[in-house]
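Here are my notes on this model. They go point by point, with confidence first.

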Amino acid sequence: MKSCVLLIVWLFAVTARAQMTGFSPGAQEKEYHAEQELINAIHPDTLRSIVIALSREVHVAGTPAQARTRDYVVDRWNRAGLSTQVYPYDVYIPLAIRSTLELDTPVKKTFDLHEEQFPG
């Protein structure tokens, strides 16, 4: 029974891959080639530089750091030929002044949540 279920799942996977949902056979071929071009355009060094840029500083919503991150993303999208627009809106975001962790039982204990900052 288990092997029969696996066979059915495998057949479904093969069939699903053979015909893309939502595409006619002609459009499917065009879509496949477009996807391959996108996949081939991905370079690990480019992705690495984007991840480094986006994680360079903490960018809490509403802060100047977040505005810099937004501007970076908008610039990257514009350079890729994508149309972008920024829509400002107001939200309430409470910011914690401090965080604590305490164990109540069997013995009350407060844990130190301080994290050392690493160079770089």
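1. pLDDT is the predictor's confidence in each residue, on a scale from 0 to 100. This is a predicted model, so that score, being the predictor's confidence, comes first here. The chain averages 84, and 84% of its residues reach 70 or more. Where is confidence lowest, and where highest? Helix α1 (residues 2–18) has the lowest mean, 60. Helix α4 (residues 64–79) has the highest, 94.

2. Helix α4 has 16 residues. From first C-alpha to last, α4 reaches 22 Å. That is close to the 22 Å expected at 1.5 Å a residue. G81 follows α4 and has a positive phi, near 90 degrees.

3. Two packed helices are described by the angle between their axes and the distance between the axes. For helix α3 (residues 44–54) and α4, the axes come within 10 Å and cross at roughly 155 degrees. Angles over 145 degrees count as roughly antiparallel. α3 and α4 are therefore roughly antiparallel to each other.

4. Which residues make this contact? From α3 they are T46, S49, I50, A53 and L54. From α4 they are T69, Y72, V73 and R76. By class, the residues of the α3 contact with α4 are five nonpolar, three polar and one charged.

5. How many salt bridges does a search of the whole structure find? It finds five. R48 and D45 are separated by about one helical turn, because they lie three residues apart in helix α3.

Technical notes: Residues numbered from 1 in each chain as written. Predicted model: local features only at pLDDT ≥ 70, side-chain atom pairs only at ≥ 80, totals over all residues. Heavy atoms only, no water. Helix = DSSP H or I, 4+ residues; strand = E, 2+ residues; numbered from the N terminus. Expected span 1.5 Å × (residues − 1). Axes fitted to C-alpha atoms, helices over the stretch in contact; angles between N-to-C directions. Parallel < 35°, antiparallel > 145°, perpendicular 65-115°, else oblique. Contact = heavy atoms within 4.5 Å. Nonpolar A, V, L, I, M, F, W, Y, C, P; charged D, E, K, R; others polar. Salt bridge = Lys/Arg side-chain N within 4 Å of Asp/Glu carboxyl O.
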